[in-house]
Amino acid sequence: RSAGRNAPSGTENDRLFSSTVRKVWNRPMPITPPLTTTRWRDWALLLAAAVYLFALYYFQVSSQERQIDFGAYYVWGFAARHGLDPYRSSVLPPIMNALQVDAVPANYPPLVLLAFEPLSLLPVRMAFWIWCGTNFTLLLAGLVIMIRCAGERGSPVAILSLALLYGPITDELYWGESDLFVMLLIALSLRAIRRSSDVACGVSLALAALWKAFPAAILVGFITDRRPRLLLAAALTLLVGAAVSVVIFGPALNLEFAESAWQAGSSALLPYSSNGSFAALITRGVQLAARAYPGAPWPAVRLAAILIVEVVLFLLAVHGASIANRSGRPEFAFALWVAWLVPLLTAVWFHRLTFFLVFLLLLARAEGTSTRSRRAGLISYGLAQMGLVIAWTRWLILPAHDELTQNGLGAATFLAMVFGFSAAYLMCADSRSALVAKPS
C-alpha cells in the first residue's frame, strides 16, 4: 500500500517519458565521415602506387641486371663460391669480363657472401629477378610491420601507398640495394620494443649489424638508455656471428673485410656531389676554402668541423631519447636513434633516407605527436620527393648533364636529412608536453 502511494502517477510518468524523448531527440548526432569515398580514394592511391612501381621495374630496373649494385653482389657470390677473395680488386676483373657484369671490390661482412653464393649458381638474368622479387617482398613486409606497430591513426592503405611512393624507395629498388633487409630487421626491432621484448630487439639489431656494419651504431642509444638485457642479447648474437664467420672464411678474409669497410667509410666517397652527408658538405667547403686560401691547416679544420657536428647530433639524440623514454614512448626514442644513424654516415646517398620511414610512419600513425614535428616530417618527405623528380630527370632527360643532376640530388638529400632528423628529435622532445596535456 505504501509502495502504491509513493509510485508516480500517470501524469508524472507521461512527464518523465516526454523529457526523456526530448533529451534523446535534441542530442547532437555524431558526424561520421563518408567511409565509402575515403576507402575508394585509399585503394585508388594504392593502385596508383602499384602502377608506378610496375613502370619503374619495366622501364628502368629491368636494364640494371648487369650493373651495380646487383652486379657486385653476383660477382662477390661467384668469387666466394670458387674460393677467391672478393675484397681484392685484382681478383674481380677476370670474373667481370667473363660474366659481363660490373662490380666493385666487396665491402660487406663475409657472412653476407653466403647469401649471394646461391644466386651465382643461376644465370644472371634469372638471379637478378629473384633478387628484385626478394627485395620487394622485404620492402612490403617491413612496411606492413611498421605500419601496424606505429599506431592506429590514419588509413593504413593510404599510408602504405605514400610509403611505397617515397622517393628513396624508388632509388633503393632502382639500384638493387640490400638495405631493405636491414629495414625489415629494424621493423622487427620496433615491434619488439612495442612488446617490451629487449632480447628480440637486441637480436634483430645484431643481425642487421652482421648484414651491414653501420646499424651497430643504433646500439649506442640503448647504452645511454641503460638496457642491459638488450645489449647482452645483441653482444651474444654478434659474437656468435663473428665466430661463425671466422670458422667458415678464416681470420684473414675477415681482416680484409675490416680494411675494406674502413676504406669505404673513410674520405674516399666524400668528393661525390650526390653524397648528401655532413662530412661531404664540410669536405667540399674546405676544398673550396683551400683553393682560395692555401697554406692553412685545412685538414685539421675539416676533421674538427665534422667532429663538432657529430657530437652535436649525438647530444641532441641523447636529449630527445631521454625525454621520450621518460614520457613512456620508447618507440619514439628508437626512431630517433635510427634517424641519427643516417647523418652519422660519411656517405649519405639518396636511398639511405629509406631509414627515415621509421619515424615518418610514427608521425603519421601514432598518437601524441606534435604539430611542429609533423610539419618538419612533411617538409622532409616533400624534399625527398623533389629528389625523386631530380633522379627521374637524370635517368630520362639529362643523362649528358649528370653533374648538374647529381648536385641537385645531393642538395635534396642533405636538406631532407636535416629536416628529417629535426622531425624525429621534435617528435621525442614534444612527447613530454603531449603527456602533460593528455587528460587523466
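These are my notebook entries on a predicted model of a single chain.

**Entry 1: the whole chain**

I started with the secondary structure and found 20 helices and zero strands in the chain. Next I looked up burial: of the 440 residues, 48% count as buried. For the surface, I noted an accessible area of about 21900 Å², with 68% of that belonging to carbon and sulfur atoms. Taking contacts between residues at least 6 apart, 77% join residues at least 24 apart.

**Entry 2: α4 against α5**

How do the axes of α4 and α5 cross? I have α4 at residues 70-81 and α5 at residues 92-99, with axes that come within 10 Å and cross at roughly 115°. An angle from 65 to 115 degrees counts as roughly perpendicular, so I wrote this pair down as roughly perpendicular to each other. The crossing of α4 and α5 is right-handed. On the α4 side, the contact is made by Tyr74, Val75, Phe78 and Ala79. On the α5 side, Leu92, Ile95, Met96 and Leu99 make the contact. I sorted these residues by class and got eight nonpolar, no polar and no charged.

**Entry 3: Tyr73 in α4**

I stayed with α4 for one more residue, as tyrosine 73 also sits in this helix. Is tyrosine 73 buried or exposed? Its relative accessible area is 2%, and the cut-off for buried is under 20%, so tyrosine 73 is buried. Leaving aside residues up to four places away in sequence, I listed what tyrosine 73 touches: Tyr108, Phe116, Trp131, Gly176, Glu177 and Ser178. Tyrosine 73 and glutamate 177 are 104 residues apart in sequence, yet their C-alpha atoms lie 9.4 Å apart in space.

How many of the nine residues of α17 are buried? I found eight in this helix (residues 357-365), so α17 is largely enclosed by the rest of the structure. The buried ones are Leu357, Val358, Phe359, Leu360, Leu361, Leu362, Leu363 and Arg365. I was pleased to spot an arginine in that list, Arg365.

Then I looked at helix α16 (residues 330-344): the axes of α16 and α17 come within 8 Å and cross at roughly 145°. From α16, the residues in contact are Glu331, Phe332, Ala335, Val338 and Ala339. They meet Val358, Phe359 and Leu362 of α17. By class, this contact has seven nonpolar, no polar and one charged residues. Val358, Phe359 and Leu362 are also among the buried residues of α17.

Last, I went through the backbone angles. Glutamine 100 is not a glycine, but I read a positive phi of about 55° there. Where is glutamine 100? I placed this residue in the loop between α5 and α6 (110-116). Exposed means over 50% relative accessible area, so glutamine 100, at 56%, counts as exposed.

Arginine 226 went on the list too, with a phi near 60°, a positive value in a residue other than glycine. I found arginine 226 in the loop between α12 (219-224) and α13 (228-265). The relative accessible area of arginine 226 is 73%, so I marked this residue as exposed.

Note on methods
Residues are numbered from 1 along each chain as its sequence is written. This is a predicted model: local features need pLDDT of at least 70, side-chain atom pairs count only at pLDDT 80 or more; totals for chains, interfaces and linings use all residues. Side-chain values use heavy atoms; hydrogens and water are left out. Helices (H or I, at least four residues) and strands (E, at least two) are DSSP runs, numbered from the N terminus. Buried means under 20% relative accessible area, exposed over 50%, partly exposed in between (1.4 Å probe, protein chains only). Contact means heavy atoms within 4.5 Å. Accessible areas come from the Shrake-Rupley method with a 1.4 Å probe; for residues, only the protein chains shown count as cover. Axes are lines fitted to C-alpha atoms, for helices over the stretch in contact, and angles run from 0 to 180 degrees between N-to-C directions. Angles under 35 degrees count as roughly parallel, over 145 as roughly antiparallel, 65 to 115 as roughly perpendicular and the rest as oblique. A crossing is left-handed if the near helix is turned anticlockwise from the far one by less than a right angle, and right-handed if clockwise. Ala, Val, Leu, Ile, Met, Phe, Trp, Tyr, Cys and Pro count as nonpolar, Asp, Glu, Lys and Arg as charged, and the others, Gly among them, as polar.
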